[in-house]
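Keep the structure in view while reading.

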Amino acid sequence: RSSWIGPRLGLRNLYFKLEQQNATLSFKDRYVALTLDLAHRFGFRNTVVASTGNLGISVAAYSARYGMTCRFVAPTWLPANIRAEAALHGAEMEFVATEKRFARFEELAHAADLFPVGLFMARTVQNPFGIEAYRTIAYEIIEELSGAPSAVLFPCARGNGLYGAWKGFRDACDWGWSSTVPRMVACQPALAHS
């Protein structure tokens, strides 16, 4: 429950879901943990990711945990702190122009033994698993609040997390665990990079 922002806005029931408690301080750890667990079980020993930060760091960390090599395709402008953290986890970094990032990711994803840990987007290479891990966000919210809230404001760029959480709320309704699906509100900083 918000102890400062909620009361200032006149919202007595404003809650925050603190995803920075995850291993690499990002909600993307949910996506990556499930994806890499499956990739490892499928016999892959290498991963490839295109990212501007959180996803790449998470893939690097979980790849290292599974003893897998991570190929991280990043834009040339990637900040030094993100480069350093990915390198700390052993990522092999490749820097390309921003507009070439996804094409290079797909090119590498077609190579043998490179499991693509890309976000669910309109392209030829897909990772159908990660979004399913975001269902757990909804489960945890319902468990903590003893029901679904009226609305969830979800920070998102492409909407993978929002979509996965929405699927979790739908699950809960199907199971009779919740009687409603909250209104899902996508939020994004106006100057965020794509």
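In this predicted model, valine 48 stands opposite arginine 71, a residue of strand 2. The two strands concerned, strand 1 and strand 2 (residues 69-75), pair in the parallel sense, over five bridges. Strands of a sheet can pair through backbone hydrogen bonds in either a parallel or an antiparallel sense. Here the pairing is parallel, and four strands form an open sheet in the order 3-2-1-4. Strand 3 (92-96) and strand 4 are the edge strands, each pairing on one side only. Helix 3 packs on this sheet, where it touches strand 1 and strand 2. The direction of helix 3 makes about 170° with that of strand 1.

Next comes helix 2, residues 28-41. Its 14 residues should span 20 Å at 1.5 Å a residue, and the C-alpha atoms at its ends are 20 Å apart, which agrees. Which residues of helix 2 are buried? They are Lys28, Asp29, Arg30, Tyr31, Val32, Thr35, Leu36 and Ala39. The cover over these buried residues includes strand 1 (46-50), helix 3 (54-65) and strand 4 (115-116), along with helix 6 (130-133), helix 7 (135-145) and helix 8 (160-175). Just after helix 2, glycine 43 takes a positive phi of about 100°.

Helix 8, part of that cover, holds lysine 167. Is lysine 167 buried or exposed? Its relative accessible area is 16%, and buried means under 20%, so lysine 167 counts as buried. Leaving aside residues up to four places away in sequence, lysine 167 touches Ile131, Glu132 and Arg135.

Conventions: Residues numbered from 1 in each chain as written. Predicted model: local features only at pLDDT ≥ 70, side-chain atom pairs only at ≥ 80, totals over all residues. Heavy atoms only, no water. Expected span 1.5 Å × (residues − 1). Buried < 20%, exposed > 50% of the residue type's maximum accessible area, 1.4 Å probe, protein only. Contact = heavy atoms within 4.5 Å. Pairing = 2+ DSSP bridges. Axes fitted to C-alpha atoms, helices over the stretch in contact; angles between N-to-C directions.
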